[in-house]
Amino acid sequence: MHAEVIRDAPGACPICGMDLEPMMGGEEVEDKTMERRMWLGAALTLPLFLMAMTHLFPGARDWHWLHEPWARWLQLALATPVVFGCGWTLFERGLQSLFTTRWNMFTLIMLGVGAAYGFSVVALVAPGIFPESLRAEGPPPLYFEASAVIVVLVLAGQVMEGRARSRTSAAIQALLTLAPPSAVRVADDGDETVVPLEEVKKGDRLRVKPGAKMPVDGVVLEGRSTVDESMITGESVPVSKEAGDEVTAGTVNGHGSLLMQAEKVGEETLLARMVKMVAEARRSRAPIQSVADRVAAWFAPAVVVCAGVTALLWGWWGPEPRLVFALVNALAVLIIACPCALGLATPMSIMVGVGRGAREGVLVRNAEALERLERAEVLVMDKTGTLTQGMPTVTQVLVVGEGTQEAVLRWAASVEQASEHPLAAAVVRAARERGVKLAAPGEVSSQAGRGVRGTLEGRIVRVGKPGWIEVGQLLDEVQVLQKQARTVMLVEVEEQLIGAVAVADPIKPNTAEAIRMLHELGLRLMMVTGDNAPTAEAVARELGIDEVLAGMLPEEKIAVVKRLQKEGRGVVMAGDGINDAPALAQADVGIAMGTGTDVAMESAGVTLVKGDLRGIAKAVRLSRATLRNIRQNLFFAFAYNAIGIPVAAGVLYPLTGTLLSPMLAGLAMSFSSVSVIANALRLRRVVL
């Protein structure tokens, strides 16, 4: 409930009093101890409860031994170890709340149980101090059974709550168990040695046997196999892997043996980053929780006041024996109130929702991003790497004058070697495939959204988009290529155009389906790309995108996002490149493709591990389901307390003549928090 509380050992939260849980999830440390206390308390409470309830049995009026002093003292003997032994942890947390002035559920339990037990002790030891009305039919009544039963019920509720909370950590626990404890390292001479995972270093060659898990992120050097990436990406179909393909830690190798090289180890791996992101998101707080926080801050003191008012009203106007009615109803008010139901409403849903998203390859950075995503109206998308595969290939090389295609590729690829842009990689790859020998450039600088400029063999070379470089006599050819959804890069040497390179970036296979899903969710789709207008418009027409803005520089992308935000629209930005990072940070929610750059992932509120646009639809569905679940929890918590407290105070007595027993109040209180958690757990089955 209070993620800001961090300790280096198990214990209780100083704010709400509940058990702290491991930051990385897992079974609650106190579960077994609490469970033992519950069963011991139940064993002692059962005979105590039967003794107190014998007046309901046939012929009980003739059981005179029940009114003997030793029977009343036996009740004290049975109740004391339950209240101060099994239930001491409840009193300890209640006392802590008084000292810290942070009243919570345990404050109310301590006051209620303490009042019932204290009243009974006084009635047993000094019955003469009570009014005659309480002693008309014998000694004053005892409520040892109420105090003991309430303790046992609260302990039972804590045990059930702990078990339910541990189930909310299932997703992160599954991630933690993905990485194998060891790896098979292959030496230069071919010897294979099993080493602990933490000893694996970047550059190590590792053998992954059939059925084994990938120990780290890396690249396949030899072999061919299929790899099950479902736990990381949510995709159930195994992916073929061969030399040159990337593999991810935690994914499961199929029937073939693979030799891989470690590229990312330890906290650098995608799996480690996923675990960290999910763990941090589980502890984050959503803005919607602020309402419950404000109510919870005043809740316990307000309940104590309500209990006091209830006691005064029953003691003044209630029927005889007034003192008994005043005590019983005040106890019921203290016990039935449950601030934890309010406090748990949001974090439980967030924990389960974030875990559910992780199972589908949708990583949510924090609860605020999840809440903002629910209000999304406009989705702004980059083209390269987002709508398209981000692995463009050179389709044509245009030449000006008497030059050659190899010469154009040599000038362009030599300068582009220093760039990480996918288009640059395509040019370099095409040159090498054609056997073009590249030269080492000097003083290369990247012009964001335009191209690159460098020196080669003493000449100034520029490679970039039309507009930054004059198209000149290639105008007709360039326009035709752009209408065919080709991206054209012009090549200029010493301010003289020598040719152009046309690159095609295929649309991802699932993009069309993703666009349809997003439209069905009511989102307006905009493509904002640095590519030229004809190419961008050709892609948009094919996919059915609502609006296209082409030729946009990074700062212009931010301006588009800001304009939409000023119009009052919830803006989601999806991208994968370094040039997308500023717009991702500016948007209400930034969504990064997991196949993109680390900068984009760090700037985003949501990361799609698979890099599949369908993940955006999953993320939107997840956010809507989670926020709906939170509102259900908050409604239940508010309604439970709004109805339960007046009933416990006795508002139904004038109409029905019935009152709520403190024991039933304790049962209702224990199940209120469990009900909130149970409702949150329904998110594990939501269809994304």
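Two strands pair if DSSP finds at least two bridges between them. Strands here are DSSP runs of E with at least two residues, and helices are runs of H or I with at least four, numbered from the N terminus. This is a predicted model, where local features need pLDDT of at least 70, side-chain atom pairs count only at pLDDT 80 or more, and totals for chains, interfaces and linings use all residues. Residues are numbered from 1 along each chain as its sequence is written, and side-chain values use heavy atoms, without hydrogens and water.

The sheet, then. Six strands form an open sheet in the order E2-E1-E3-E9-E4-E7, with antiparallel pairing. E2 (192-196) and E7 (246-247) are at the edges with a single partner strand each, so one side of each has no neighbour in the sheet. E1, residues 182-186, runs antiparallel to E2, and five bridges join them. Val186 has Glu192 in E2 as its bridge partner.

Now the helices. H11 (residues 339-359) packs on H23 (residues 662-681) at about 20 degrees, with the axes 9 Å apart. Axes are lines fitted to C-alpha atoms, for helices over the stretch in contact, and angles run from 0 to 180 degrees between N-to-C directions. H11 and H23 are therefore roughly parallel, meaning an angle under 35 degrees. Their contact residues (heavy atoms within 4.5 Å) include Leu344 and Met348 in H11 and Val676 and Ile677 in H23.

H10, residues 322-336, also packs with H23, at about 5 degrees and with axes 8 Å apart. That makes H10 roughly parallel to H23. Among the residues in this contact are Leu331 of H10 and Met669 of H23.

Technical notes. Angles under 35 degrees count as roughly parallel, over 145 as roughly antiparallel, 65 to 115 as roughly perpendicular and the rest as oblique.
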